[in-house]
Amino acid sequence: MCTGRVDLAFVLRAFQKGATGVIIAGCWLGECHYVTEGNYDALNMMHLCKKLLEHAGVRPERLRLEWVGASEGIRFAEVMNDFANTLRELGPLGAAEGATPDHLASRLAALARLVPYIKLAKREKLALRLKSPEEYLQLYATDEVAALIRDVVSYYVEPELCQACMICLRRCPADAIAGGKNLIHVVDQDKCIKCGTCFDVCPPRFGAVRKISGAPVPPPLPEEARVVVRKGKGARRE
Ligand code: SF4
Ligand code: SF4
């Protein structure tokens, strides 16, 4: 697989499952066989991922990206031995971090759910093509990533405004909206990947989807209170 295909989600999932380390090895920069030059994307993703791992409490040295051409068998062996030594020093996941694997797994799972949001929020930086690997080093700051996670946006359907048109339910890519004909729609916050599609597609005349940041999301409406009763132009909840 091209290193450019390695997604943030793959790396976080590996650590979530308890991997001691993750190494991504691929063609040298400038030696990609294709116009896509995906190894630059891999380099960009790796630096963002290291910051996310740090945020989750995982030592970033557990993730490594190395350039190893198909004909460089000796280099491959050297790189792998060196990485294995690093991991031996760090010990299993959690040992160098002073945290239990379960604690790290739940932090990583929370981050993994935010990958679509993170990629959307950082899409401009992720698309950058810089000249040298050194420039990529400066791309993401610890504070910036902390703020990104702290200010994460949630989406909530205002019960009084929802007209049960079902557009958001049909367009949600994560099957995170419960609803139906004549039912007030409700976002399942555990399934929501924060893509913002429901906010964008809810007709402006309803404006029922609210973006929430820095404040708690109201609890979901109880199922028995979700029926919309339409009388004339208006609608009310039973
Ligand atoms: S933001 Fe809205 S459309 Fe996107 S996953 Fe969450 S509920 Fe679904
Ligand atoms: S698109 Fe808006 S009005 Fe229609 S069901 Fe979703 S939240 Fe309700």
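**Close-up 1. Helix α2 within the fold.** Of the 19 residues of α2, 14 are buried, so this helix is largely enclosed by the rest of the structure; a residue counts as buried if 20 or more other C-beta atoms lie within 10 Å of its own, as exposed if 12 or fewer do, and as partly exposed in between, with C-beta atoms placed from the backbone. The model is predicted, and local features need pLDDT of at least 70, side-chain atom pairs count only at pLDDT 80 or more, and totals for chains, interfaces and linings use all residues. Residues are numbered from 1 along each chain as its sequence is written, while chains are lettered from A and ligands numbered from 1 in the order in which they are written. Helices (DSSP H or I, at least four residues) and strands (E, at least two) are DSSP runs numbered from the N terminus. From its first C-alpha to its last, α2 reaches 26 Å, close to the 27 Å expected at 1.5 Å a residue, the expected span being 1.5 Å times one less than the number of residues. Just after α2, G57 takes a positive phi of about 95°.

**Close-up 2. The packing of α1 against α2.** Two packed helices are described by the angle between their axes and the distance between the axes. Helix α1 (residues 8-16) packs on helix α2 (residues 38-56) at an angle of about 35°, and their axes are 10 Å apart; the axes are lines fitted to C-alpha atoms, for helices over the stretch in contact, and angles run from 0 to 180 degrees between N-to-C directions. The crossing of α1 past α2 is right-handed, that is, the near helix is turned clockwise from the far one by less than a right angle. On the α1 side the contact is made by L8, V11 and F15, and on the α2 side by M45, L48, C49 and L53, where contact requires C-beta atoms, placed from the backbone, to lie within 7 Å. Seven of the residues in this contact are nonpolar, none is polar and none is charged; Ala, Val, Leu, Ile, Met, Phe, Trp, Tyr, Cys and Pro count as nonpolar, Asp, Glu, Lys and Arg as charged, and the others, Gly among them, as polar.

**Close-up 3. Two nonpolar cores.** The largest nonpolar core has 27 residues, and those with the most contacts inside it are L8, V11, L12, F15 and C49; such a core is a set of buried Ala, Val, Leu, Ile, Met, Phe, Trp, Tyr and Cys residues joined through C-beta atoms within 7 Å. At least two residues of this core are supplied by each of α1, α2, β2 (63-67), α4 (101-113) and α5 (115-121), and the largest share, 10 residues, comes from α2. Apart from its neighbours within four places in sequence, L12 is in contact with L108, L111, A112 and V115. A second, separate core of 17 residues includes Y155, C162, A164 and V187.

Close-up 4. Not counting residues up to four places away in sequence, K194 touches L114, P116, Y117, V152 and V153. R59, in the loop between α2 and β2, is partly exposed, with 17 other C-beta atoms within 10 Å. With residues up to four places away in sequence again left out, R59 touches L90, A96 and E97.

Close-up 5. Most residues other than glycine have a negative phi. A164, however, has a positive phi near 55° and is found in the loop between β3 (153-157) and α9 (167-171), where A164 is buried, with 20 other C-beta atoms within 10 Å. D175, which is not a glycine either, has a positive phi of about 55°; D175 is placed in the loop between α9 and β4 (177-180) and counts as exposed, with 9 C-beta neighbours inside 10 Å.

**Close-up 6. The surroundings of A176.** A176 lies in the loop between α9 and β4 and is buried, with 21 other C-beta atoms within 10 Å. Leaving out residues up to four places away in sequence, A176 touches V187, D188, K191 and C192. A176 and D190 are 14 residues apart in sequence, and their C-alpha atoms are 7.9 Å apart in space.

Methods. Contact = placed C-beta atoms within 7 Å.
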